[in-house]
Amino acid sequence: MSIAIFAKDLPLQFDYAEPQTELERLFGGRFHINAVGKIEAGDSDRFREFLAQTKPPPRLTVYIDSTGGDVESAIEMGRIIRDHWFSTDIGTYLLDLENPNPHFVRRTLIPGKCFSAATLAYLGGRLRYLSKGSKFGVHQFSFRNPSPENVSHSQRLSAKIARFVEDMGISAHFLELSSETPGTDLTLLEEQHLKELKVITGGATEVTWTVHARNRQMYVRGERDTLYGHQKVMLGYVKGGGFHFWAVIEAQGREAELSGFGIVEIVANDENDRIDVSQRCMRIPMGVYVNVFVSISQEEAKLLAYSDGFGVQIRASNEAPVFFGIAPMPTINGSDQLQTFYHTLCDQ
């Protein structure tokens with residue numbers, strides 16, 4: 001669907017909110033940033049200064065409500081958002097401070113718009129959401145002044161946009177759709193289409209499977225971002241040491257539980273297969289992560305290589321209903337790497 005563009009935004013404004021009551025602070029969360037208005041040249045520098053002053057925690061959500069503006073500032077804002085491990089959504093989050101509540105302050109999400117260059121800032125989110133009623137629109141990125149200098153600048157900017165979109169893990173078809181709409185119009189993209197383009201992730205990104213060789217070991221790694229943090233699982237092999245399982249879990253303040261709870265299980269195939277490694281694994285906190293490492297048998301390695309997904313669960317006891325760790329990561333996009341890796345090394 002295409003619509004004409006008429007509205008103009010006010011200058012871009014930033015607003016940071018943190019927990020408002022003792023109970024909100026106790027439960028954590030309740031942090032967000034609003035970025036509302038037209039993006040102008042230099043706004044990325046203003047955004048960086050704003051973050052330096054407010055010092056927000058990682059993993060909060062930046063709510064964007066903008067019809068677009070300066071492309072280069074939008075790209076830089078997107079990279080700042082990614083570097084700070086923020087998520088993005090569309091709209092404005094408002095606090096009801098006129099009706100105080102001693103426990104939780106009411107918050108209302110107002111639907112918004114993310115058009116043109118603002119979509120590039122939005123793509124910086126580690127996780128990306130589309131709140132109900134909000135709109136996402138694209139069109140061509142271009143200069144109004146056709147002078148030779150600006151034509152050259154436009155070509156460089158096109159390459160910069162393409163590199164940014166690729167770095168953010170977005171389908172190249174996103175740029176194709178943008179280029180099909182004249183700069184005087186706007187194409188609104190529906191939620192399902194945005195999911196197909198990997199623009200919307202919801203609470204978890206797709207798992208990326210890659211093969212690595214370093215520090216005298218080889219491994220196949222699955223990696224994703226989720227509501228519960230940045231996560232990696234690896235099936236590895238060391239000559240003379242055999243196969244191993246290795247998980248890297250962003251702790252998000254749960255270092256004590258991840259390092260100290262008594263039950264550690266590798267889980268596979270929708271959690272139907274469990275390998276209790278409580279007595280033979282190592283758990284090593286490193287920065288914001290907790291590493292779980294354990295040597296496994298050839299049969300255990302085969303189970304993981306041929307599974308439809310695997311992860312690790314850490315619990316206080318066998319009866320505990322809640323676990324920390326990593327839910328099984330689907331292997332559908334990594335089955336060839338995992339199985340080839342296993343068969344190449346199982347007889348070494």
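A: Strand E14 (residues 242-250) has 7 of its 9 residues buried, so the strand is largely enclosed by the rest of the structure. Buried means under 20% relative accessible area, exposed means over 50%, and partly exposed lies in between, with a 1.4 Å probe and protein chains only. Strands (E, at least two residues) and helices (H or I, at least four) are DSSP runs numbered from the N terminus. The model is a predicted one, in which local features need pLDDT of at least 70 and side-chain atom pairs count only at pLDDT 80 or more, while totals for chains, interfaces and linings use all residues. Residues are numbered from 1 along each chain as its sequence is written, and side-chain values use heavy atoms, with hydrogens and water left out.

Strand E13 (residues 229-238) runs antiparallel to E14, and 8 bridges join the two; strands pair if DSSP finds at least two bridges between them. Gly236 stands opposite His244 in E14. E13 and E14 form a hairpin with 3 residues between them, and Gly240 in the turn has a positive phi of about 90°. E14 also pairs with strand E18 (residues 289-295), in the antiparallel sense, over 7 bridges. In this pairing Ile249 stands opposite Val290 in E18. In a regular strand the side chains alternate between the two faces of the sheet.

Aromatic residues come next. Tyr237, Phe243, Phe341 and Tyr342 form one aromatic cluster. Rings of Phe, Tyr and Trp (its six-membered ring) pair if their centres lie within 6.5 Å; planes under 30 degrees apart count as stacked, over 60 as edge-to-face and the rest as tilted. By this rule the count comes to 14 aromatic pairs. In one of them, the rings of Tyr122 and Phe136 have centres 5.5 Å apart and planes at 65°, so this pair is edge-to-face. The pair links distant parts of the chain, 14 residues apart, with Tyr122 in helix H4 (residues 118-123) and Phe136 in strand E9 (residues 135-138). Tyr122 is buried, at a relative accessible area of 0%, and Phe136 also counts as buried, at 2%. Trp209 and Phe310 form a tilted aromatic pair, 5.7 Å centre to centre with 50° between the planes. Trp209 belongs to strand E11 (residues 208-214) and Phe310 to strand E19 (residues 309-315), so the pair ties together parts that are 101 residues apart in sequence. Both Trp209 and Phe310 are buried.

Leaving aside residues up to four places away in sequence, Tyr122 touches several residues, among them Ile64, Cys114, Arg128, Phe136 and Val199; contact here means heavy atoms within 4.5 Å. Cys114 is itself buried, with 0% relative accessibility.
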